[in-house]
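Please look over the sequence and the structure shown below before reading the notes that come after them.

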Amino acid sequence: MAGFGEQLGRDLDEIRDAGLWRELREIDSAQTTRIKLDGREVINFSSNDYLGLAGHPALGQAAREAVEQFGVGSGASRLICGSLQPHHALEAALAKWQGTGAALVFSTGFVAAQGVLTSLLGRGDVVILDKKAHASMIDAAKLSGATLRVFRHNDLENLEKLLQWAAGQGGRVLVATESVFSMDGDRAPLAGIVELKERYGAWLMLDEAHAAGLYGPLGQGLAAADGLAGRIEIRMSTLGKAVGAAGGFICGSRQLVDLLVNKARSFIFSTAPSPAVSAAARAGVELIQGAEGQSLRGQLWQRVDELRRGAALLGWKTPAEPSAILPLIFGGEAKALAAMERLREAGFFIPAIRYPTVPRTEARLRVTLTANHTAEDIQQLVNALGQAVTR
Ligand SMILES: *Cc1c(COP(=O)(O)O)cnc(C)c1O
């Protein structure tokens, strides 16, 4: 039998041979539209810092003040002695923003999904996921012990079939999907999904990781923009993307949050987030709702519009409705990697996204825009796409 070390070597060879090697890139600057990569400045089109809040002075100020008052570490889990004022203030702000009875903050969005699905579901229950749902929901669903079923991406007919089947299983049924999909930038047909889950007595968990901060009158997300927020039992998102800090959150009823506090292992058995990070997140949430947030959203949508028009003129297919994410799909992994390299030489950083993040035949460059990009940045990118990239 091969030893562990030998096996690791073979596993790594396999990854390399398949063209799927991944490695970390050290970035020596804050999260902005210009980053230094291998000693060279490039325009960054890969950050999820959609509103440019990660380096915003108001968030930095909130974090510094929290460090002064509460220190850096939270010292314990929330249920022991780590439940600090900044955590409570953030949760109150989130519940108010989202118009729900309560909110709960987790260390990351990834473990927030885990906490919800494992607390609400168990053997005998059914969880129905969109085919393109994020890895955090897939893993959480598996961990819950519930029966996992997958519906074709955004396919209401297929979802209804699974709901019909699930209704006969005798357990609880939960549908989970994203409002704006992380790798495709397209949207879930929320009204149809909400109607179906109500018709079949299921619950809905909606992941707004790429929509919170961006859509809706106060940037609450796509559910609020579509007037459906009040009909969705569980909304989750991250504090690490448009909000500009780190962490994950769940919004829902007081009962839901009470249940999570009592049952969610990823909440209970984990040290509370740093008070500085939670204070910064709260500053981000407040900023998003104010005049500055609105103006940043306006800037972002203008850039999105410019890129969509430029890409369409070059013959790229763009999602039906705008989002901050534009996938340029090549198909072959080697082609996507080559395009990434050429763009990098031209001064742009747009990583190739490959299997297993996306299907093998859908390797892509995932372009993300932020409010801090300028019209000039977009024009330069469109020019480079036209000159340097062949499909
Ligand atoms: C980023 C992301 C998460 C995880 O959030 P983190 O706070 O980064 O752990 C969950 N769902 C989706 C769709 C995401 O894109």
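The notes below take up the domains, then the salt bridges, then the aromatic rings.

This is a predicted model, in which local features need pLDDT of at least 70 and side-chain atom pairs count only at pLDDT 80 or more, while totals for chains, interfaces and linings use all residues. Residues are numbered from 1 along each chain as its sequence is written, and side-chain values use heavy atoms, with hydrogens and water left out.

**Domains**

- The protein is divided into domain 1 (25-50 + 291-388) and domain 2 (58-289), with bounds that come from an automatic or database domain assignment.
- The C-alpha centres of domain 1 and domain 2 lie 26 Å apart, and 24 residues of domain 1 are in contact with 23 residues of domain 2, where contact means heavy atoms within 4.5 Å.
- Between them, domain 1 and domain 2 bury about 1,700 Å², 54% of it on carbon and sulfur atoms; buried area is the accessible area (1.4 Å probe) that two parts lose on being put together, summed over both.
- Of the area that domain 1 buries against domain 2, Tyr50, Arg297 and Ile325 supply 30%, more than any other three residues.

**Salt bridges**

- The structure holds 20 salt bridges, each defined as a side-chain nitrogen of Lys or Arg within 4 Å of a carboxyl oxygen of Asp or Glu, and three of them are found across the interface of domain 1 and domain 2.
- Arg199 and Glu160 meet through their side chains in a salt bridge (3.0 Å, N to O); Arg199 lies in helix 8 (residues 190-199) and Glu160 in helix 7 (residues 156-167), so the pair ties together parts that are 39 residues apart in sequence. Helices (H or I, at least four residues) and strands (E, at least two) are DSSP runs, numbered from the N terminus.
- In the salt bridge of Arg303 with Glu306 the closest N and O atoms are 2.9 Å apart, and these residues, three apart in helix 13 (residues 291-313), are separated by about one helical turn.

**Aromatic rings**

- There are five aromatic pairs, counted where rings of Phe, Tyr and Trp (its six-membered ring) have centres within 6.5 Å, with planes under 30 degrees apart taken as stacked, over 60 as edge-to-face and the rest as tilted.
- Trp97 and Phe249 form a tilted pair, 6.4 Å centre to centre with 45 degrees between the planes, and Trp97 and Phe249 are both buried, which means under 20% relative accessible area, with exposed over 50% and partly exposed in between (1.4 Å probe, protein chains only).
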